[in-house]
Amino acid sequence: MFDVLGGRPLVALTGAGLSTDSGIPDYRGPGSPARTPMTYQEFVSGADAQRRYWARSHVGWARMAHAAPNPGHRALAALEDAGVLHGLITQNVDGLHSAAGHRAVIDLHGRIDTVVCLGCARRTPRVALQERLAALNPGFAQAAAVQIRPDGDAELAAADVAAFALAGCTACDGVLKPDVVFFGENVPRERVTRAYALVEAMEPAGGALLVAGSSLTVMSGLRFVRHAHKLGVPVVIVNRGTTRGDDLATVLVDAGCSEVLPALLATAA
């Protein structure tokens with residue numbers, strides 16, 4: 001890996017496996033439980049689905065909000081500071097890259113710490129909604145028996161969800177949704193365009209694409225690996241377990257990001 005990446009400018013593509021050491025569960029890593037996330041179509045179907053989502057998310061957020069960047073996040077931020085990493089595309093919504101000090105981040109799937117109104121498109125901080133939901137549902141987050149899932153979600157019993165009180169937009173009373181791309185939604189075109197541009201810039205620069213902590217199961221991330229391979233840009237994948245892009249990789253590293261990325265930083269320093 002170090003032979004391929006050494007001396008090259010890099011663009012990184014990261015996934016949920018990078019954040020597992022921050023206490024945020026992975027979707028598809030080894031040992032991950034089966035999970036069926038709510039789709040956009042289900043969310044907009046009515047208040048019952050929205051109540052189910054926000055009750056689970058209210059509990060999950062109370063725990064997820066305390067997550068901090070781990071050595072993998074910090075190593076990538078340091079590579080950016082050193083001028084080695086020229087851009088970062090993340091499929092994660094946890095905001096931990098920014099918390100680690102990254103400046104050039106494309107949050108491909110949005111950020112869970114922001115809420116958008118489906119009526120007036122107003123964006124507000126998630127922490128403000130969390131306070132409103134806590135006031136409407138006193139003690140709910142503390143009392144619920146849960147299993148935390150990725151993206152600030154949690155498993156709750158149906159009886160716990162039924163009485164959960166929703167909060168509407170403070171400007172228009174519209175339906176609030178986390179400012180993330182749900183399954184069934186499209187990633188905004190301008191984000192995809194910017195991400196492709198980062199990958200394309202590696203071709204004339206003699207750079208490489210570093211994939212960290214992603215199984216590349218969904219096309220949202222895999223397309224950038226395919227694009228790099230088509231351009232002749234080397235692809236290095238660091239991930240526990242196999243990925244959908246293994247046959248496109250120049251180098252595969254079956255290991256954790258918290259161990260490998262600091263080692264990469266040490267060779268680049």
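What volume does the largest cavity have? In this predicted model, the largest cavity has a volume of about 40 Å³, and a search of the whole structure returns one cavity of 30 Å³ or more.

The lining of the largest cavity is made up of Thr90, Asn92, Asp94, Gly95, Leu96, His97, Ser98, Val105, Asp107 and Arg111. Sorted by class, this lining has two nonpolar, five polar and three charged residues. Two elements, α5 (96-99) and β3 (105-107), each supply at least two residues of the lining, and the largest share, three residues, comes from α5.

Arg111, one of the residues that line the largest cavity, falls within strand β4, which spans residues 110-117. The strand β4 belongs to an open sheet of three strands, in the order β5-β4-β8, with antiparallel pairing. Strands β5 (123-125) and β8 (176-180) stand at the edges of this sheet, each with a single partner strand, so one side of each is left without a neighbour in the sheet. From one strand to the next, the twist averages 45 degrees. The antiparallel pairing of β4 with β8 extends over four bridges, and Gly110 stands opposite Val180 in β8.

Turning to the aromatic residues, the structure holds six aromatic pairs, among them the two listed here.

| Pair | Distance between ring centres | Angle between planes | Arrangement |
|---|---|---|---|
| Phe43 and Phe182 | 5.4 Å | 70 degrees | edge-to-face |
| Tyr53 and Trp54 | 5.2 Å | 85 degrees | edge-to-face |

The rings of Phe43 and Phe182 have their planes at 70 degrees, so the pair counts as edge-to-face, the cut-off for that arrangement being over 60 degrees. Phe43 lies in helix α2 (residues 40-43) and Phe182 in the loop between β8 and α9 (189-205), so this pair ties together parts that are 139 residues apart in sequence. Phe43 and Phe182 are both buried.

The pair formed by Tyr53 and Trp54 is likewise edge-to-face, with 85 degrees between the planes, and both Tyr53 and Trp54 are buried. Ring pairs link these four residues, Phe43, Tyr53, Trp54 and Phe182, into a cluster, to which helix α2 contributes Phe43 and the loop between β8 and α9 contributes Phe182.

Notes
Residues numbered from 1 in each chain as written. Predicted model: local features only at pLDDT ≥ 70, side-chain atom pairs only at ≥ 80, totals over all residues. Heavy atoms only, no water. 1 Å grid on protein atoms, 1.4 Å probe; cavity = no way out; pocket = protein on both sides within 12 Å on 5 of 7 lines; lining within 4 Å. Points joined across faces, edges and corners; volume = space filled by probe spheres on them. Nonpolar A, V, L, I, M, F, W, Y, C, P; charged D, E, K, R; others polar. Pairing = 2+ DSSP bridges. Axes fitted to C-alpha atoms, helices over the stretch in contact; angles between N-to-C directions. Phe/Tyr/Trp six-rings, centres within 6.5 Å; stacked < 30°, edge-to-face > 60°. Buried < 20%, exposed > 50% of the residue type's maximum accessible area, 1.4 Å probe, protein only.
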